[in-house]
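Here is a short report for a reader meeting this structure for the first time. Please look at the sequence and the model before reading on.

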Amino acid sequence: MPDNTARVGIVVRTKNRPWFLRRALRDVAAQHYALWRVHVVNDGGDRDEVDLAIAELPDGVRRRVSVHHHPTSRGRSAAANEGVRALATEFVILHDDDDLWHPRFLAATVDWLDTHPEDIGVV
């Protein structure tokens, strides 16, 4: 069931790096901005490892995470596109499994976009 309160959809691409995936999901959960949901795209990696990393999340975080498993690798672009298509949020951002954000990253970027509606993105 989609979370209709989420404004930010976060695509996390991963493949056979469960340690990085766990770190990335903890990083998202630590954001000060709370109106987000995550779609993990496992691009041909071990399905069980990804499912376990998600299952280990606290319940309140786990409910905001969905996953799609590609049986074989389709590449970074296809994984990103899969994630974007899966999210019905106002904003979408990529957070690969090896990325880290400052805890106020989402708050600052959403604030910028809210106060600068003429801008279509933040870098």
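Which residues does R104 touch, not counting residues up to four places away in sequence? R104 touches Q31 and H32. Contact here means heavy atoms within 4.5 Å.

## Ground rules

This is a predicted model, where local features need pLDDT of at least 70, side-chain atom pairs count only at pLDDT 80 or more, and totals for chains, interfaces and linings use all residues. Residues are numbered from 1 along each chain as its sequence is written, and side-chain values use heavy atoms, with hydrogens and water left out.

Helices (H or I, at least four residues) and strands (E, at least two) are DSSP runs, numbered from the N terminus. Buried means under 20% relative accessible area, exposed means over 50%, and partly exposed is in between (1.4 Å probe, protein chains only).

## R104 and its surroundings

R104 sits in the loop between β4 and α5. Its side chain makes a polar contact with the side chain of H32, at 3.1 Å. A polar contact is a pair of N or O atoms within 3.5 Å; within protein, one must be able to donate a hydrogen and the other to accept it, and residues adjacent in sequence count only if both atoms are side-chain atoms.

R62 is another matter. R104 and R62 are 42 residues apart in sequence. In space they are 21 Å apart, C-alpha to C-alpha.

Helix α1 covers residues 18-29. The expected span of a helix is 1.5 Å times one less than its number of residues. For the 12 residues of α1 that gives 16 Å, and the end C-alpha atoms are 16 Å apart, which agrees. In α1, the residues L21, R23, A24, L25, D27 and V28 are buried. The buried residues of α1 pack against β1, β2 and α2.

The largest nonpolar core has 21 residues. Such a core is a set of buried Ala, Val, Leu, Ile, Met, Phe, Trp, Tyr and Cys residues joined through side-chain atoms within 4.5 Å. Those with the most contacts inside it are V8, I10, W36, V38 and V40. At least two residues of this core come from each of β1, α1, β2 (36-43), α2 (47-55) and α5.

## A buried arginine

R23 belongs to helix α1. It is buried yet has no salt bridge. A salt bridge is a side-chain nitrogen of Lys or Arg within 4 Å of a carboxyl oxygen of Asp or Glu. For charge, Lys and Arg count as positive and Asp and Glu as negative; His and the chain ends are not counted.

Which side chain of opposite charge is nearest to R23? That is D98, 6.1 Å away. Leaving out residues up to four places away in sequence, R23 touches D97, D98, D99 and L100.

## Salt bridges

How many salt bridges does a search of the whole structure find? The search finds 11. E90 forms one with R7, and the closest N and O atoms are 2.7 Å apart. E90 lies in the loop between α4 (76-86) and β4 (91-94) and R7 in the segment before β1 (8-14), so the pair ties together parts that are 83 residues apart in sequence. E90 is exposed, at 53% relative accessible area.

R17 and D98 also meet in a salt bridge, at 3.4 Å from N to O. R17 lies in the loop between β1 and α1 and D98 in the loop between β4 and α5 (105-115), so this pair ties together parts 81 residues apart in sequence. R17 is partly exposed at 32%, and D98 is partly exposed at 39%.

R85 pairs with E82, with the closest N and O atoms 3.8 Å apart. Both lie in helix α4, 3 residues apart, about one turn of the helix. R85 is exposed at 62%, whereas E82 is buried at 14%. Salt bridges that share partners join R7, E90 and D114 into one network.

## The loop between β1 and α1

K15 lies in this loop and is partly exposed, at 39%. K15 and D43 are 28 residues apart along the chain, yet their C-alpha atoms are separated by 5.4 Å. Beyond residues up to four places away in sequence, K15 touches N42, D43, G44, G45, S73 and D97.

N16 is found in the loop too. It has a positive phi of about 55 degrees although it is not a glycine. Most residues other than glycine have a negative phi. N16 is partly exposed, with a relative accessible area of 48%.
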